[in-house]
Structures are given as C-alpha cells and as structure tokens.
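Visitor: Hi, could you walk me through this one? I'd like to ask things as they come up.

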Amino acid sequence: MNYYTMKNSQRINLLDIPTIDFDSLVSQLSITNLRPIAFFGADWGENIKLFVSLADDEKGEILTSSALINKSQKEYNSITAQNPQYHMFEREFYEQFNIKPLNHPWLKPVRKNQDSYEFFEIEGEETHQVAVGPIHAGVIEPGHFRFMCQGEKVYNLEIMLGYQHRGVEDLIIKNPSNQLIESVCADSTAAYSIAYSEVMEALSNTKITNKAKLIRLFALEMERIAIHIGDMGAILGDIAYLMGKETFATTRTLVINTMLEITGSRFIRGLIKFGGVNFDISDKMIKKIIDTLNYVEKTTDKMTYAALNSSTVISRLEKTGYVSKKTAQELNMVGLMARSCALDLDSRFDFKNEFYSNIERKPFNATNDAYSRFKIRYKEIKDSIKIVKFFLDELKKFQNEDLYVEPNQLIANSFALSIVEAWRGELVHTATVDGEGRLSRYKIKDPSFNNWWGLSMALRNNVISDFPLCNKGFDLSYCGFDL
Amino acid sequence: MLIKFLNIILLLITPFLMVGLIRKTKAFWGARKGASIFQPFYDFVKLMKKESVFSSSTTLIFKLSPIISFACVIFAGLFVPMVQGQSIINIQGGIIIFAYVLALSKFISILSAMETASSFEGMGASREACFTTIIEPAFFIVVASIMALSKIYTFDSLNMILYSSNHLGYLIILFAILALLIMLIVEGARVPVDDPSTHLELTMIHEVMILDNCSQELALISYSAWMKMFLISSLIATILLPLGLSLWVSLVSFLGVILFISILIGTIESAIARLRMGHVFEFVFVMSSFALVVASLVALKLYGV
C-alpha cells in the first residue's frame, strides 16, 4: 500500500502524501492491522480530500495516505463492516461530508442532528429502558445515556453525545491561539496546548529550546498526577468510601496548587504557547515541587493501601465492568483505558519521545475491570512522580536556555500530525496548511473519541447501579468528544 | 404525664440532632469541619418556606403522600417506648400497629414514586419494596420472640429482658440489637445499603423515590425518614436500658444511647464502602438470620434443650 512514513510532530509536504484511488484505499484499510489515528476529510476545491493516518506502534512511525473524492460521489463501501476500528471515524466523516458508508453497522449522528436518531430497542417482559440526561444530575457536562435493562441488569448502554459541539476545528482555523485550544477540554489543558504548539511548530519549522520542551512535559506529567489522584478519589466517592474520597481530594489540591504557584493557574492555563513556554521554574521552586511530590506520594501510598485492604472496596471494584483485551482492540481503545485492559499503548514511549527514552516503561498487570482502572491510576501516579523528578533534574542542564523562540511563518502546503499522551491517552492533532501559508484544516482526535464505546461495552451484563462506578473509572471527556 | 410530654418533645426534636450528629461524625472522619449539627433543622425550615411545584403527570396521591407518610410515622412513634421505657400509647399488640403503620407509610411513598412515571423512581420503588419484604418478617421475629420471653405483649416489655437474663439473655440482647441495627441502616437508607449523600440517581434507593418532590413535601419526607431512624434507635435503647431508673437518669442514658448509635452509624459510613446492589440483599438477609438466632435462643430459654 502506498503511504508516506513520517515521525511524530514532523512537517511533511502535502504533495508528498500519496493520493490513491478512494475505492482501493478503502479496501486496503479494511484489511490492514495498523491502528487508525486520523481519518478525516478536507474541502479540496471541486473535491474532498480524505486523509488517513495509521500508527505503527512497534516502529513508532505514522503512515499517512490520502484519496481524492469527487463531490458528486455520495456513497462508498464502509470499512467498519470489516474493521470495527473505523466505526466512529466513518460516522464522523459521513456527518461532515455527507458521503454515505454503505453497510455501516450503526450509522447515526456523532455530534449534530440531535433531533432524530435511532436507538437500540429492547422488548420483552420485565424489560425497561432508563434514559439519563442530557442534563447531568451533578450538572457537569451533557450526555445522553440510554440503558436497556431487564430488572437491574443492563443489556446495553447507548451513549449519545454532541450536546456541546462548538465547532472548535473551524474556530481554530480562523483564530489559531493557545488560549482557544486550552479551553477545548479544560481537564487536559497541558496536553491540548502541547499538541497544538507542536503541530504549529512543525508546520512553521520552529525549533524550540530543550528547556521549554522539558517544562511542557513537566506540566503534562503534573496534569496526569493531579487528575489521576482526583479520579481515584472520585471512584471511591462513587462507592461511598468517604475516607478515600476526602483524602484524595485534598491531596490533589496540593498538586494543582503547585501549578498555581508556577503558572498562576491551577489548571495550567497560560503556561504553554506556540514557540515555547511563559514561565520558568526556579531552583527554589524545584525543591518545593519535589517536597510536595514526596508528601503526595506518601499520602497516596497510604490511602491506596487502606482502600485496597478494605473488603467492601475490593468487592465493589473487582469484576465490575469487564472489558476484554479483544474488545479493546476492536474498538480501537487508547491510552489509560487500553492499558487497564492489558493493551499496552503509550504514545510517550511508542513514538520515541527523546526525553522519555531514558525512562523505564513499566508493565502493568491488568485485570480489565474497575479494579484495574483504579490500580492503573495509582501505578501511573507513582511513575509520573518519578518522571517529574527526572525532568526537573534534566532541567538543570538547560538552565541558560531561553523559554521562548519567536516562531516562524507557517510553511505553505504542509501537513503535520502531533501525538501527545494526555492523561486519558493518545491525543492527536493534525493540521494542513494551504498554498498561501494559512491553516486550511485542523483536526482533533481526543482519546475519548475512541473510548466512549468501551464504556458501553463495560456496562453489558453489569447491574445498572454500577454505572457510575464504571463511568468514573473511564472518566471520559464530553467536550473533547463534542469539539 | 411529664414522661409523655418528654417523649413527644424527643420524638419531634431528636431526629434532627441525630442526622446532624451522623453528618458531623462523617465530617470528622473525613478531616472536614462539617456543618453545624443543627443544619438538618435549618434545612427543614428553609424547605418549609418554599413554594411547591408538582409535575403535571401526578395526581392527588403524589400531593398527599408526604403528609400521610409523615402522619404514619408520627403515629407509629406514639407506640415506641422512650424515657423510662414508657410509651405514649401502651396497648397490647402495639407492635403490630407500629409495624403496619410504618408499612403503610412506605406503601404510600412507593405509590407516589410510581405515579411520577419516571424510570428512575420506578427503579427505586422496586428496590425499596424488595428490601422491605425481607425486613418486615425479620422484625416481627425479633420483637415477638422477646415478647414471648416476658409474656407481656406490649411494646415496653422489650426491656424486661434484662431482668430475666443469664448468659443466654445477654446473647439474646446482642443478636436482637444487631438485627435492629441492620434494620436501622436499611430503613434509614445509610451506607452500606444506600448512600444518602450521592447525586447518582442510578445507584440510589430511597433518595431516587423522592426526586420529583420539593419544598414542604420534601421537608416532610426527609423528616419522616429521620424520625423512622430515631424510632428504631429508641427500640434499641429500650432493650438496652434497665427499668426503674429515675426520670433524669433515664432521660440522659436514653439520649446517650441515641448519641452512641449516631456516632456508630457515622463511623460505619466513613469506614466502609457501599455494597454492590446484589450484595445488599445478602446484607439484609443477615438481619433475618440474626432474627432466627434470637428466636432459637428464646425457645432454648423457654423450653430448655
């Protein structure tokens, strides 16, 4: 098959990407065993150009190909029918460009057309449907969940999202800025901002300093630590284990308050920008961060030990919401959730980030259930604390470097793709630049885009009252999905 | 007369303090300051001042249900012995009135939950009804066994047990109290059966049944739920406290038992997680087995081996 092989965050010329016949591209995608990480169309004058990027996790390479489709073409043979990994991608492509994938198993809107869509149905004695949302009881984010139940047992959960679709991808083209990208999915501010900056830097061939790179990665890991601790507390809160809930909530505050001291924002807003970073970390601050992290680690150890030695906690977590490795693979699940299902994908290591090359990639003994989803957070907090300390140590080597480099102009006819391991998993930002040096297409793929169906599978044959526990274990983003 | 007056005061006021205290205990274990123990009372007053809103799918039953169920609980409270082991109304077979008046209150609240035609409330109603069917016979076995022991079939015979006791008697007390504690947890919708502080309607049992209620109705429903907890605690206190104490000693020791139970419940809630819905049934069945143990011990005591 005809591909252009590229690295993470590498600019390539748009014209270098092979353009192959649409039908042959489709038929080849149906049989390839590489994971799709980007599958999106772009307006191309008379035509629509379909870009496809596949990840080769073994080699750490990205294979990109494309096809030109005439606007008069209205249908094609679905890839999903053979390869379920394309399920959501094809639905999204259909919604955006109205080219219908034939034989797609479940073609319904992704984000738009909230008025009319079908749902799975269940009929029979003692069966009932429970519809939850779109307004959340805790007034967090909107999503509609429909449970098909018999008694307490859930046969299927169907999730409908898109209630806060803001048209982010179009907004970015009009007004590319870090401020905008930071507000797309505010619990992954650092990851989004890094992905955006890396794409822009690749497209403009701007080389930022090592110091700036390290500070960015430091922020990324701190974000991971903070959110994971908060989630561990939330999981325990959902099963009414109050001590864990309160302890983790206070511990998380220590981490985000550290970021507040450095950046002026607890959620790391305003730190990362196209060309570098805004704030330095002084030696005094480094010492303080390390002290805080030591304390955080100690508290997390103690609380996790106490929680996992409580029989009631274990009884709730174990064997709840099982997702098999095979299912995870078929659904193209990524990141934290994939790892909790024994599918070892971690783009920090898979795509050979220079700063992670000296860090040992530790295996995780996954059990695929809610227990696994709790335990992997604990494991990653420990790992990330080590990584942060390592980065802070490295940072001393580059003390004299600048924080910020004036970025160059975007280079005409470019294509770049950046993968960042956000705390949820692989976040992919892809951008193209037209012949006049302007952004022409910006595509975001949040890890939640892959993983929402995993939640649906986790609920099958579980009791409906375990939904909040499974949901918190996945803790997926609504706004990152809705864009 | 003074005792009856005291009982009425206790019946009306202690439920607020009990809930306030449970919440304070939870705050303590969570290293929080927590709200004042009078907060449940302030909430009650706040809700009482609010205007009611009713769903258009509901009828008179929904509007009447909180009042009927509150009246039922207050009425049941008249039969429960408090200070000096005396109740306000003391008649033979009071236990039957007590149990079935409470059952009526539950029946009405289940009806009102069903009437909202909400899928959540139907779910909650079926869960609640399910637990009640297990609890009710167990409660009868416990209380009736103890009464069989004293051969006096009024409610205040419960504390006779201390006077007719040897080692076997203490065992009977222990298991009777454990059974009533489980009943208290289930009826009061506390952890590990239900989580009173959750916002997750899919996991709720009691709270989900009242999702559509607000203002005065909600205030009455919460008040009667707390009062029910207090009534069951009073039964435990009655079993524990000896007869023949002077009025004030009796009052103080009664309140002491209530205080202890509140702190115990708060501590249980802080220390363990909630059970999986399927395991809740097993937990409730534990009450039935304790009840059967009480019954067998009583039989042993009455008729020998």
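Visitor: Let's start with A:Ala240: is A:Ala240 buried or exposed?

Guide: A:Ala240 counts as buried because its relative accessibility is 0%. Buried means under 20% relative accessible area, exposed over 50%, and partly exposed in between, using a 1.4 Å probe and protein chains only. Please keep in mind that this is a predicted model, where local features need pLDDT of at least 70, side-chain atom pairs count only at pLDDT 80 or more, and totals for chains, interfaces and linings use all residues. Residues are numbered from 1 along each chain as its sequence is written, chains are lettered from A and ligands numbered from 1 in the order in which they are written, and side-chain values use heavy atoms, with hydrogens and water left out.

Visitor: Thanks! Where does A:Ala240 lie?

Guide: A:Ala240 is in the loop between helix H6 (210-238) and helix H7 (242-263) of chain A. Helices here are DSSP runs of H or I with at least four residues, strands are E runs of at least two, and both are numbered from the N terminus. A:Ala240 also has a positive phi of about 60°, although it is not a glycine.

Visitor: And what about phi of B:Ser215?

Guide: B:Ser215 has a positive phi too, near 45°, and is a residue other than glycine. B:Ser215 sits in helix H7 of chain B and is buried, with a relative accessible area of 3%.

Visitor: Switching to the chains: how many residues of chain B are in contact with chain A?

Guide: 25 residues of chain B are in contact with 31 residues of chain A, contact meaning heavy atoms within 4.5 Å. About 2300 Å² is buried between the two chains, 60% of it from carbon and sulfur atoms. On the chain B side, B:Leu202, B:Ala273 and B:Arg276 lose the most area to chain A, together 27% of what that side buries. Buried area is the accessible area (1.4 Å probe) that two parts lose on being put together, summed over both.

Visitor: How many salt bridges cross that interface?

Guide: The rule finds two across the interface of chain B and chain A. A salt bridge is a side-chain nitrogen of Lys or Arg within 4 Å of a carboxyl oxygen of Asp or Glu. B:Arg32 and A:Glu246 form a salt bridge at 2.9 Å, N to O.

Visitor: Now inside chain A, which domains are assigned?

Guide: Chain A has domain 1 (4-102) and domain 2 (168-447), with bounds that come from an automatic or database domain assignment. Their C-alpha centres lie 27 Å apart. Between them, domain 1 and domain 2 of chain A bury about 2500 Å², 58% of it on carbon and sulfur atoms. Two salt bridges are found across this domain interface.

Visitor: What does A:Glu92 pair with?

Guide: A:Glu92 forms a salt bridge with A:Lys443, with the closest N and O atoms 2.8 Å apart.

Visitor: What does A:Gln96 touch?

Guide: Leaving out residues up to four places away in sequence, A:Gln96 touches A:Arg111, A:Glu169 and A:Arg441. A:Gln96 is in helix H2 (residues 87-97) of chain A and counts as partly exposed because its relative accessibility is 27%.

Visitor: One last thing: which residues are joined by a cis peptide bond?

Guide: B:Val191 and B:Pro192 are, with omega about 5°. B:Pro192 lies in the loop between helix H6 (167-187) and helix H7 (215-240) of chain B.
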